[in-house]
Amino acid sequence: MEVKIENLKKQFGQVIGVKDLDLNVRDGEFVALLGPSGCGKTTTLLMLAGIYKPTDGTIRFGDRVVNQVQPRDRNIGMVFQSYALYPHMTVFGNISYPLKLKKVPKQEQMERVERVANTMGIGGLLDRRPGQLSGGQQQRVALGRALVKEPDILLFDEPLSNLDARLRLTMRSEIKQLQNRLGITAIYVTHDQVEAMTMADRIAVMNQGVLQAFDTPEDLYDRPKTLFVAGFVGNPPMNFADVSVMAEHGGFTARNESIRLQVPAERGQKAAAAGKVRMGIRPEDIHVVDEGDAVTAEVVIVEPLGRDAMLDVRFGSDQFLVLADPQKHIRAGDQVKLHFDMDSVQFFDLQSERSLLWN
Amino acid sequence: MTQPTTTLDDQFTAAESRTRRSRKKSLSSNMAAYGFLAPAGFLVITFFLVPVVIIFYLSMTNLSTSNFTTDLSAMQFVGLENFRILFNDQFAAKIFFNTVFYVLVTLSLFNVTLALIVSLLSTHIERRAGFAFRAIWILPRITAATVYIMLWRRLAVEAPYGIINQVNTLLGQTTYNYLDARPWEFVIVVNGFIGVSFGMIIFTSAIESIPKDLLNASLVDGSTILQRIRYVILPLLRWPLLFVVTYQTLSLLTSFEQILLLTDGGPGLYATEVWSLTAYHRALSNYFGNAQWGYGSAFAVVLVIIGVVLAVIYMRVFRFNELVAEPKIEVL
Ligand SMILES: Nc1ncnc2c1ncn2[C@@H]1O[C@H](COP(=O)(O)OP(=O)(O)O)[C@@H](O)[C@H]1O
Ligand SMILES: [Mg+2]
């Protein structure tokens, strides 16, 4: 089922929850709504579910405008962060509840609940109550309840936030596979970018009720359209420094008082005319080298991450995060030489905060 | 009352067996615990235990106006004589069944059902409107009993004072004294309106503490608002319901001041007389100033026994101790 959101707005008194949201979700697509806490993700989802009525704008499922349609007539399944299982019902009662409300015959209810429960690997738990289940099992029950009525659209509101890290990893791929196999359109709210990047076909990045970008994970990462997206996507986050890009000696240079870096022509060209711009470069594109045309920096903090050591380095007035080989045994206070791999450098306009490369 | 004491004691015992240091500590915190219990303990002892002991004693004497005011030595210990008289009293059965009727009907119609309806309604409308709606239902509870009853009497009595009868007169209908014609209806409604607020407050807070996600989930799963009440909200109100039933049964059993002021147990012989009112009438307000303190105490003793037995049964049947969660604060 296609979902078309146009100009969607939700206001709670004076508080703006969602502002002029436009979003088209294709049939069978897995879309993640990504953004920091309080940016309006849940509000958007609850409007799709029919719990909140939009203040303005339209929501279409396929060609049908659903603004005024009751939740029960929308044929959606929803999974909540808190699982929202009915504590007084057994697992069977929970999963069969949507079917009972649809007046599906008892026999068919049993069959369908059993089928879904077996898919979710909770077939043996049907007599238990939610209170007797682990977090992961509760999450599967919640998923089973959302799936049992064979919804057109699946809505997820941070479904994995309450699980431990290992379980989150398994559930992530399980949900993705399930959605893929069933081909149900899914809208998945999360504040965890790794979740969004790994699961979604496309990611809608929101901030303060406003849509910042709607792109594939690759585009968001490699071709961020705004400064917010560049800074929000990626962990550790992108480094920024204010520079001027000049055409010099047939090439382009980005420079400020402490750095002077060669910029590839196709990127430098677009940034050259703009005066002072904000340059962005990811930690993994900066390398600690022993010699060469390098920037010398002082290490302020070293954080061992296992595979890498994350260095907090300072040069001039700029402070960058850099990933280094832990075998080099770099310590705080050391001087290091840095090589900037400028092939994926980003430039943003300081006023509009939009990319100079991708708009 | 005894529940927290035992729990604390258990913990102290456990703590004591651990180390000497913690024994010293637990002794002093034991004192602190009793210190905290002292004010409540004082109230219970002074205003419940001591009076109960006194009426148990009085119920076995023939103390009454005739021998108290003139000749105290005439008061005698008469054993269970008052109870023998009570069980042979030709009106005792009627009063007993009056009480059962009054408690059951008021409890089921008002203290539980109407309270539930008011809290469900007021939590399904706009928040402030719901709040105002509930505030209105608290008025009968916080109005002084005499004022409240005067309002009702003013409604019910004969023309030209009674408001209902003024309307009747205008419509050309015959007029009644409603308190004579329909005493039970008035007794139950008058008490019921007072009784709604307690359940209403308990149920409302229970409904509002149901997680929003759970309520939203039910709508997404396909329920209507009414189905959600039936399948999700009501089952989650089980404990508050049982608590209100228990508490209000006991509360209704002992309440009599509104009936006293409204019908005084009448009209006629004991039409709306309930047990607690009889205890009051016999002991403190008998005809010609003939107060039978001993005999009235016997009525009160029966009521205390019924109350305690009911409380124990309710606690057992509803397993109230499961409701009392283990204290989360570690006692050092
Ligand atoms: N029912 C509500 N009443 C008032 N304000 C709300 C309500 N729901 C959400 N908001 C506000 O709307 C904004 C977006 O909230 P929400 O959608 O829950 O954010 P997210 O799910 O992205 O963390 C927040 O500022 C929040 O305080
Ligand atoms: Mg949220």
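These legends walk you through close-up views of a predicted model.

This is a predicted model, so local features need pLDDT of at least 70 and side-chain atom pairs count only at pLDDT 80 or more, while totals for chains, interfaces and linings use all residues. Residues are numbered from 1 along each chain, chains are lettered from A and ligands numbered from 1 in the order written, and side-chain values use heavy atoms, with hydrogens and water left out.

**View 1. Chain B meets chain A.** Here 17 residues of chain B and 23 residues of chain A are in contact (heavy atoms within 4.5 Å). About 1,700 Å² is buried between them (accessible area, 1.4 Å probe, lost on being put together, summed over both parts). On the chain B side, Val220(B), Asp221(B) and Tyr231(B) lose the most area to chain A.

**View 2. A salt bridge across the interface.** Find Asp221(B) and Arg145(A): their side chains form a salt bridge at 3.3 Å, N to O (a side-chain nitrogen of Lys or Arg within 4 Å of a carboxyl oxygen of Asp or Glu). The rule finds 1 salt bridge across this interface.

**View 3. The surroundings of ligand 1.** Look for the residues around the ligand (a heavy atom within 4 Å), among them Phe12(A), Pro36(A), Lys41(A) and Tyr52(A). An oxygen atom of ligand 1 is 2.6 Å from a polar backbone atom of Gly38(A), and one is 2.5 Å from an N or O atom in the side chain of Thr42(A). Taken alone, ligand 1 exposes 560 Å², and the protein buries 63% of that (Shrake-Rupley method, 1.4 Å probe).

Key. Buried area = accessible area lost by both parts, 1.4 Å probe. Polar contact = N/O pair within 3.5 Å; in protein donor to acceptor, adjacent residues only side chain to side chain.
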